[in-house]
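Dear colleague,

I am passing the structure below on to you, and my notes on what was found in it follow directly after. Please read them with the coordinates open beside you.

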Amino acid sequence: MAVGKEIRLKITSIKNTQKITRAMEMVAASKMRRTQERMQATRPYSRKIAQIIKHLAHANPEYKHPFTIERPVNRVGVILISSDRGLCGGLNANLFRLALRRMRGWNAEDKAVTLSTIGQKGTAFFSSIGANVVSQATKLGDRPHLQDIIGVIKTMVDEYSEGKIDELYVLYNEFLNTMTQKPRLVQLLPIRPEDIGEEQKGQWDYIYEPDAKEVLDQLLIRYVESIVFQGLVENNACEQAARMVAMKSASDNAGKLIKELQLIYNKARQAAITQEIAEIVGGAAAV
Amino acid sequence: MAMTIHVDIVSAEAEIYSGLAELVVAPAEMGEVGIAARHAPFLTRLKPGEVRVKVNDQEVHPFFISGGMLEVQPHVVTILADTAVRAKDIDEAAALEAKRRAEEMLSDKSGKIDYALAQAQLAEAVMQLRTLEKYRKGRA
């Protein structure tokens with residue numbers, strides 16, 4: 001029977017697509033669990049180092065590190081963390097929208113913006129719109145390591161130390177829960193210990209070995225790294241969650257489409273049969 | 001039982017150890033240090049080496065770290081362990097590498113950017129086709 005061949009073909013093709021989206025959904029779901037665990041695992045370090053920074057702020061160091069001194073802002077640096085792959089709903093688009101809005105705001109205040117990107121999507125997007133991207137890291141995979149992003153962080157911190165930028169931010173997706181991810185902009189430099197939390201001041205200071213400058217140098221860089229790394233693993237968890245949700249709705253839509261097409265197909269087939277019978281009956285009556 | 005001090009050893013990627021101990025021995029930059037309870041506030045860098053956490057006379061946990069930081073508060077010792085071998089020149093090389101990648105990306109407009117663009121355009125075209133088809137079906 002020749003009826004509805006196109007419809008049948010279309011149903012098959014949608015079914016194939018649905019298989020793919022469903023597989024991607026399941027893969028994303030299992031990856032999400034793992035990335036969430038990694039997100040939890042990095043928390044103790046960032047919590048500890050934040051605590052030390054807080055202690056430091058309330059100690060009375062005789063030495064003030066350049067990272068803690070605010071200066072007039074003429075140029076801004078942003079480390080932008082995006083995903084390497086697409087097909088994760090509006091995750092990256094929302095992030096870029098926030099980035100562009102802030103960049104427009106800074107431009108209006110005559111502040112130049114320097115970018116560093118982590119993740120392929122952000123790199124491609126901001127290179128193509130001609131933003132000033134000074135360093136990048138891509139293809140970090142599902143298990144990123146700190147050493148993969150040291151280079152990116154160091155270029156931005158160097159820019160800060162050399163006075164080429166006066167403020168440094170990191171932008172990533174915050175993992176609220178599986179259904180919601182929210183782009184978040186965090187100021188890295190200068191470090192404002194008030195942001196970290198309040199604690200009563202004491203008249204004490206650390207014993208530094210070998211001396212305050214060298215110890216603080218390393219500590220503050222580690223602190224910046226830990227926030228960026230935390231952002232990266234969090235963004236990773238967001239990516240998997242967003243992909244899972246996006247692929248689930250894609251599978252659901254495919255199911256709906258198949259149902260509709262199946263209905264049309266059945267109607268067409270029934271119409272053809274009815275017509276055939278009518279023709280036979282009509283023919284028999286004529287004889 | 002002797003006085004104990006709380007010890008936390010964490011790295012950027014995981015928590016390594018958390019618990020009470022009598023003594024913590026760590027490879028500080030200017031020589032090995034042993035920290036017992038009520039030590040004065042202390043902040044130092046660590047060299048690659050062995051950290052020993054002595055819980056009691058029978059129980060000693062050794063850990064190897066590839067550098068990091070040590071913070072001492074009167075009742076807490078925190079060791080922030082590095083996850084990788086770090087040195088000034090290695091960091092420098094990583095920074096240069098990240099810069100090079102960005103420059104490469106900017107000069108090479110053909111490759112992946114076009115691919116991403118083409119993908120977006122394809123998605124748009126598919127959507128257009130689908131709307132068109134729905135419209136046709138509605139009229140038929």
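Buried area here is the accessible area, taken with a 1.4 Å probe, that two parts lose on being put together, summed over both. By that definition chain A and chain B bury about 4100 Å² between them, and 61% of this lies on carbon and sulfur atoms. On the side of chain A, the residues that lose the most area to chain B are A:Tyr45, A:Gln136 and A:Glu209, which together make up 16% of what that side buries.

Before going further, please note that this is a predicted model, in which local features need pLDDT of at least 70 and side-chain atom pairs count only at pLDDT 80 or more, whereas totals for chains, interfaces and linings use all residues. Residues are numbered from 1 along each chain as its sequence is written, chains are lettered from A and ligands numbered from 1 in the order in which they are written, and side-chain values use heavy atoms, with hydrogens and water left out.

Counted by contact (heavy atoms within 4.5 Å), the interface draws 50 residues from chain A and 44 residues from chain B. The rule for polar contacts (N or O atoms within 3.5 Å, where within protein one must be able to donate a hydrogen and the other to accept it, and residues adjacent in sequence count only if both atoms are side-chain atoms) finds 13 residue pairs across the interface of chain A and chain B, both residues being at pLDDT 80 or more. Helix 1 of chain A gives the most to the side that touches chain B, with 11 residues; helices and strands are DSSP runs numbered from the N terminus (H or I over at least four residues for helices, E over at least two for strands).

There are 3 salt bridges between the two chains, a salt bridge being a side-chain nitrogen of Lys or Arg within 4 Å of a carboxyl oxygen of Asp or Glu. B:Arg45 forms a salt bridge with A:Glu214, with the closest N and O atoms 2.5 Å apart.

The chains also meet through strands, which pair if DSSP finds at least two bridges between them: strand 6 of chain A and strand 5 (residues 42–54) of chain B run in the parallel sense over 3 bridges, and A:Tyr208 has B:Leu43 as its bridge partner in strand 5 of chain B.

As for chain B itself, its secondary structure comes to 2 helices and 7 strands, in the order β-β-β-β-β-β-β-α-α along the sequence.

With best regards
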